[in-house]
Amino acid sequence: MPRIERLTVSAHTIPTDAPEGDGTLAWDRTTLVLVRVAAAGVRGLGYTYGEVADAALVRDRLAEVVAGAEANDIPRLWRAMQDAVRNAGRPGVAARAIAATDIALWDLKARLLGVPLAVLLGRAWNDVSLYGSGGFTSYGLERLRRQAADWAAAGFAAVKVKVGAAPRDDARRVAAVREAIGPGVHLYVDANGAYERKQALAMAHSFAAAGVTRFEEPVTSDDLEGLRLLRDRAPPGMGIAAGEYGYEATYFRRMVAAGAVDVLQADATRCLGISGFLEAAVLARAWHLPLSAHTAPAVHLHSCCAVPGPVDLEYFHDHVRIEAMVFDGVPTPASGRLAPDLQRPGLGLEPKERELERFA
């Protein structure tokens with residue numbers, strides 16, 4: 001296997017198509033940090049959604065770890081990158097920087113071998129079930145209904161709506177989405193940790209009237225006892241999900257050991273890359289929990305196909321739009337499912353340089 005000749009990194013801040021918000025945050029732009037690694041005339045890419053600071057850490061701390069190493073040595077490089085950020089602190093910025101670089105290394109290895117990443121990892125599934133995700137608290141009812149109805153019409157098995165910014169309006173908004181999608185589509189809600197414990201429990205019972213089957217982060221994911229309370233006392237048929245803010249395996253282990261969730265979430269663009277995502281998948285499997293991949297569908301698709309247990313993938317409006325804007329080869333859903341293009345090596349993505357430059 002050839003040695004890595006160079007690593008480059010860039011940051012691109014892209015406005016949203018409308019103001020977006022959830023139970024605890026509002027935003028009007030998203031920053032994509034793109035890492036590229038090259039060996040033997042082949043380039044791999046990886047990315048995260050975070051801050052410009054992520055790119056600085058890749059450039060200042062990780063590039064020297066990766067450059068000159070054998071492209072095949074991903075486990076060794078993954079460990080070495082974590083060692084390199086010891087004094088910077090691994091969660092947050094450092095974890096995202098490692099994630100983008102790890103994804104690029106996996107993409108490079110698959111491209112050097114001339115195979116899709118899903119084939120390199122070993123496929124358990126040919127495709128992955130999606131759920132449509134957006135439903136921002138900043139949306140009016142008309143846009144909320146239209147977005148959800150479009151996903152249902154496209155064959156998505158589930159859709160998700162954000163709640164928590166104005167709790168007094170949440171039951172009405174959720175009921176409007178249920179009306180828009182009909183009775184045959186699963187409905188998820190995501191509070192992003194906005195509720196207190198007893199408030200979240202009351203909201204869970206109000207959402208049950210609309211047939212909600214997944215309640216994501218009803219309380220902050222740092223409150224494992226609160227998540228367990230909700231898991232034990234939520235209405236029958238309503239699963240509790242959390243984990244998107246996990247940056248390492250220890251976080252996921254504590255969450256599942258506490259019995260805090262029915263569905264474990266993980267985000268490869270945060271949890272130290274594809275290597276970390278696969279560790280989370282092992283923990284989910286060991287605890288007999290389904291795994292749900294958080295956002296960034298073009299990154300997660302191949303690794304989701306390699307997860308042996310039940311898995312679904314969030315088709316997140318903001319990231320779907322960005323990925324189609326800046327990459328060629330982005331996969332398109334069919335009947336609510338996503339499959340990798342087995343004719344394209346690696347992740348199957350090629351940068352649109354002019355579009356990336358616009359937002360540099």
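**Figure 1. Arg 43 and its salt-bridge partner in the predicted model.** Arg 43 counts as partly exposed, at 42% relative accessibility, in a structure that is a predicted model. Its side chain meets that of Glu 353 in a salt bridge, with an N to O distance of 3.7 Å. Because Arg 43 belongs to strand β3 (residues 42–50) and Glu 353 to helix α13 (residues 353–358), the pair ties together parts that are 310 residues apart in sequence. Glu 353 is likewise partly exposed, and its relative accessible area is 39%. The salt bridges in the model come to a count of 29.

**Figure 2. The salt bridge between Arg 111 and Asp 107 within helix α3.** The side chains of Arg 111 and Asp 107 meet at 2.8 Å, N to O. Both residues lie in helix α3 (residues 93–113); being 4 residues apart, they are separated by about one helical turn. Are the two partners buried or exposed? Arg 111 is buried, with a relative accessible area of 13%, and Asp 107 also counts as buried, at 0% relative accessibility. The cut-off behind both assignments is a relative accessible area under 20%.

**Figure 3. The salt bridge between Lys 352 and Asp 328.** In this view the side chains of Lys 352 and Asp 328 form a salt bridge of 3.9 Å, N to O. Lys 352 is located in the loop between β14 (350–351) and α13, while Asp 328 is part of strand β12 (residues 327–328), so the contact ties together parts that are 24 residues apart in sequence. At 25% relative accessibility, Lys 352 counts as partly exposed. Asp 328 is partly exposed as well, with a relative accessible area of 40%.

**Figure 4. A network of salt bridges.** Five residues are to be located here: Lys 160, Lys 162, Asp 190, Glu 216 and Glu 314, which are linked through salt bridges into a network. Glu 216 is also a residue of strand β7 (residues 212–216), which pairs with β8 in the parallel sense.

Figure 5. Strands β7 and β8 pair in the parallel sense over 3 bridges, and Gly 239 in β8 is the bridge partner of Arg 214. From β7 the chain crosses through helix α8 (residues 224–233) to β8, in a right-handed β-α-β crossover. Strand β8 is also joined to strand β9 (residues 263–266) by 2 bridges, and these strands run parallel. Within β9, Val 263 is the bridge partner of Ala 241.

Figure 6. Strand β1 is joined to the antiparallel strand β2 (residues 26–39) by 12 bridges; Ile 14 stands opposite Thr 30 in β2.

**Figure 7. The largest nonpolar core and the surroundings of Phe 207.** The largest nonpolar core has 111 residues, and Tyr 47 and Phe 207 have the most contacts inside it. Helix α3 supplies the largest share of this core, with 11 residues. Beyond its neighbours within four places in sequence, Phe 207 is in contact with Val 163, Asp 170, Ala 171, Val 174, Val 189, Tyr 195, Val 212, Phe 215 and Met 238.

Figure 8. Pro 235 is found in the loop between α8 and β8. Pro 235 is buried, with a relative accessible area of 8%. Not counting residues up to four places away in sequence, Pro 235 touches Ala 204, His 205 and Ala 208. From Pro 235 to Arg 36 the separation is 199 residues in sequence and 47 Å in space, C-alpha to C-alpha.

Methods
Residues numbered from 1 in each chain as written. Predicted model: local features only at pLDDT ≥ 70, side-chain atom pairs only at ≥ 80, totals over all residues. Heavy atoms only, no water. Pairing = 2+ DSSP bridges. Right-handed = clockwise from strand over helix to strand, strands pointing away. Salt bridge = Lys/Arg side-chain N within 4 Å of Asp/Glu carboxyl O. Buried < 20%, exposed > 50% of the residue type's maximum accessible area, 1.4 Å probe, protein only. Core = buried A, V, L, I, M, F, W, Y, C linked by side-chain atoms within 4.5 Å. Contact = heavy atoms within 4.5 Å.
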